[in-house]
Amino acid sequence: MTDAAYLLVHGDREYLLSPGEEFGTDLGVIEVPADVEAGDTVETHLGTVFEVRELRGPDLFDHLERTGAPMMPRDVGLVMGHTGVSAGDRVLDAGTGSGILSVYLGRAGAAVTTYEIDADFADVARRNTETAGVAERVDVRTGDVVDELDDLAAGEPFDVLTLDTGDAPDAVARAPDLLVSGGFLAAYSPFVEGTREIVTAARDAGLVGIEAIETIQREMDFSDRGSRPSTAGVGHTGYLVFARAP
Ligand SMILES: C[S@@+](CC[C@H](N)C(=O)[O-])C[C@H]1O[C@@H](n2cnc3c(N)ncnc32)[C@H](O)[C@@H]1O
């Protein structure tokens with residue numbers, strides 16, 4: 001798959017399909033025209049009409065191929081809000097994983113260099129950047145980011161450093177060499193212990209404005225009896241550490 005894909009929607013049915021692709025459903029076979037565009041409609045051979053939509057961030061989270069635990073949209077939102085990452089920013093990211101954070105950043109117009117240590121995961125992430133239509137802005141490199149830090153620090157500095165690996169503290173230690181002055185670090189950890197190591201590494205590296213937060217989100221239930229946070233599900237996803245290069 002090399003072209004950006006689209007979301008084909010009929011009621012609560014959603015299929016991620018590429019231009020020229022043929023796909024069988026119980027509502028009939030969908031043949032996606034090669035020149036399909038968002039806003040078009042496509043009819044199955046049984047006459048069911050699907051609306052063609054551009055893929056947006058949450059659609060990518062829902063439908064891209066996964067190799068592990070991707071960053072949740074709410075955590076992506078915190079990363080983007082706390083760093084203010086914008087079009088034209090240079091972002092260094094690791095590990096790529098499924099590439100969910102990277103494709104969100106790419107859709108926002110950032111130029112992302114992202115490292116994935118597992119070659120098979122990196123291949124999936126590359127396909128995901130193509131599906132998301134951001135392959136030109138998201139450069140997925142196979143390798144251990146820690147091994148590349150000397151070379152990366154010698155090159156053009158980055159505006160934002162995003163980390164989602166167990167060895168994030170090793171990269172945090174080099175953040176002042178990797179970032180422009182005032183550039184942001186955003187590091188995710190699922191555990192308190194990992195978060196403490198990131199905070200310690202950030203302090204030792206002389207980063208400023210260090211802030212660690214637990215990310216919790218509670219869904220709300222609105223019923224005839226009243227309104228309250230949902231009793232189902234777990235609101236915790238993990239921890240994020242933000243800091244800036246001096
Ligand atoms: C939790 S996933 C990242 C998810 C990603 N942020 C996303 O939104 O899809 C962590 C990934 O980091 C990779 N990884 C771990 N250590 C690494 C390193 N030192 N360099 C590059 N990748 C690494 C793992 O193979 C794994 O795929």
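Predicted model: local features only at pLDDT ≥ 70, side-chain atom pairs only at ≥ 80, totals over all residues.
Biologist: In what order do the seven strands of the open sheet lie?

Modeller: Strands of a sheet pair through backbone hydrogen bonds, either parallel or antiparallel. In this model the open sheet has the order 9-8-7-10-11-15-12, and its pairing is mixed.

Biologist: Why is one side of strand 9 and of strand 12 left without a neighbour in the sheet?

Modeller: Strand 9 (138-142) and strand 12 (208-216) are at the edges and have a single partner strand each, so one side of each has no neighbour in the sheet. From one strand to the next, the twist averages 15 degrees.

Biologist: In which sense do strand 8 and strand 9 pair?

Modeller: Strand 8, residues 111-116, pairs with strand 9 in the parallel sense, over five bridges. Opposite Tyr115 one finds Arg141 of strand 9.

Biologist: Which strands does helix 4 touch, and which does helix 5 lie across?

Modeller: Helix 4, residues 119-131, packs on the sheet and touches strand 8 and strand 9; its direction makes about 165 degrees with that of strand 9. Helix 5, residues 145-154, lies across strand 7 (90-94), strand 8, strand 9 and strand 10 (158-163). The direction of helix 5 is at about 140 degrees to strand 8.

Biologist: What kind of peptide bond joins Ala94 and Gly95?

Modeller: Most residues other than glycine have a negative phi, and most peptide bonds are trans. Between Ala94 and Gly95 the bond is cis, with omega about -15 degrees. Gly95 belongs to the loop between strand 7 and helix 3.

Biologist: What is the volume of the second largest pocket, and which residues line it?

Modeller: Its volume is about 180 Å³. Among the residues that line the second largest pocket are Arg74, Gln217, Arg218, Glu219 and Pro229. By class, this lining has three nonpolar, five polar and three charged residues.

Technical notes. Residues numbered from 1 in each chain as written. Heavy atoms only, no water. 1 Å grid on protein atoms, 1.4 Å probe; cavity = no way out; pocket = protein on both sides within 12 Å on 5 of 7 lines; lining within 4 Å. Points joined across faces, edges and corners; volume = space filled by probe spheres on them. Nonpolar A, V, L, I, M, F, W, Y, C, P; charged D, E, K, R; others polar. Pairing = 2+ DSSP bridges. Helix = DSSP H or I, 4+ residues; strand = E, 2+ residues; numbered from the N terminus. Axes fitted to C-alpha atoms, helices over the stretch in contact; angles between N-to-C directions. Contact = heavy atoms within 4.5 Å.
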